[in-house]
Amino acid sequence: MMGTTHALVGVFVATAVAQAIPEFGPVALAAAVIGSVFPDFDLYSGHRKTLHFPVYYSILAVPALALALAAPGTATVAVGLFLVGAALHSTMDALGGGLELEPWRETSEKAVYDHYRSRWVAPRRWIRYDGAPEDLGFAALLAAPALALHDAPIRWFVLAVLAVSAGYTLLRKPLAKLWAAVVPMIPHGVRPYVPERFHETDEDGRGRILSDAD
Ligand SMILES: [Zn+2]
């Protein structure tokens, strides 16, 4: 799913927390949103593996949340919600599409890496690919409580995230096609620096140019 959908998962969780403990609303929002987008900072290096820990984030989130409940404070709430956000992101990546440039082709069986079992988790494809119409619909559902319960500036932030999601949904396939057209023009000396999934390779490791004929 989209990075913005992940961010809105954080917004959704933080909105619930803010109802229970309003004084920690702002720190909960910041920590949950940052935690929800954090794993994707590995986009250019071992994407969905380097910073994605579906099992370990989840295990760590339990005592962190217990500590936040036992001793509520800025630090404990921040750490707890950061870990919840990162755990939700990493586990929910398994519900989306595979790790490939054009996930709607459904050729990749890699959704997210499970470091605990040392293997890739296969994509469930409940949301077929990032930027799919159902991804945008899910993002809107996640945003609804925050839009109803928060005023500006949080409401504006959520609306801006939704607007970016809508733009991405419209451009997702055209941009992938454009990139597929650009790949053959990339000099060979530069290709090693382009993340693998941005130029798919065949069994022999040769660059494969994507086209509708594939
Ligand atoms: Zn991710």
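Is Asp 93 buried or exposed? Asp 93 is buried, with a relative accessible area of 3%; buried means under 20% relative accessible area, exposed over 50%, and partly exposed in between (1.4 Å probe, protein chains only). The views below show a predicted model, in which local features need pLDDT of at least 70, side-chain atom pairs count only at pLDDT 80 or more, and totals for chains, interfaces and linings use all residues. Residues are numbered from 1 along each chain as its sequence is written, and side-chain values use heavy atoms, with hydrogens and water left out.

**View 1. The zinc site.** The zinc ion has as its protein donors Asp 40 (OD), His 52 (NE2), His 89 (NE2) and Asp 93 (OD), at 2.1 to 2.3 Å. Donors are N, O and S atoms within 2.8 Å of the metal (3.2 Å for Na, K and Ca); water is not among the atoms, so sites may look incomplete. Along the chain, the donors are spaced as D-x11-H-x36-H-x3-D. The angles among the four donor atoms run from 88 to 168°, and the site is irregular.

View 2. The side chains of His 6 and Asp 93 are joined by a polar contact of 3.0 Å. A polar contact is a pair of N or O atoms within 3.5 Å; within protein, one must be able to donate a hydrogen and the other to accept it, and residues adjacent in sequence count only if both atoms are side-chain atoms. His 6 belongs to helix H1 (residues 3-20); helices (H or I, at least four residues) and strands (E, at least two) are DSSP runs, numbered from the N terminus. His 6 is buried, with 1% relative accessibility.

**View 3. Salt bridges.** Five salt bridges occur in the structure, each being a side-chain nitrogen of Lys or Arg within 4 Å of a carboxyl oxygen of Asp or Glu. Among them is the pair Asp 114 and Arg 117, whose closest N and O atoms are 2.5 Å apart. Here Asp 114 is buried, at 3% relative accessible area, while Arg 117 is partly exposed, at 48%. Another joins Asp 130 to Arg 172 at 3.0 Å, N to O. Asp 130 lies in the loop between strand S2 (119-121) and helix H5 (133-149) and Arg 172 in helix H6, so the pair ties together parts that are 42 residues apart in sequence. Both Asp 130 and Arg 172 are buried.

**View 4. Backbone features in loops.** Most residues other than glycine have a negative phi, and most peptide bonds are trans. Ala 152 and Pro 153 are joined by a cis peptide bond, with omega about 5°, and Pro 153 lies in the loop between H5 and H6. Glu 106 has a positive phi, near 55°, and is placed in the loop between helix H4 (74-92) and strand S1 (112-114). Ser 118 also has a positive phi, near 55°, in the loop between S1 and S2. Ser 118 is exposed, with a relative accessible area of 51%, whereas Glu 106 is partly exposed, at 41%.

How values were computed: Four donors count as tetrahedral if all angles lie between 85 and 135 degrees; four count as square planar and six as octahedral if opposite donors are over 155 degrees apart and all others between 65 and 115; anything else is irregular.
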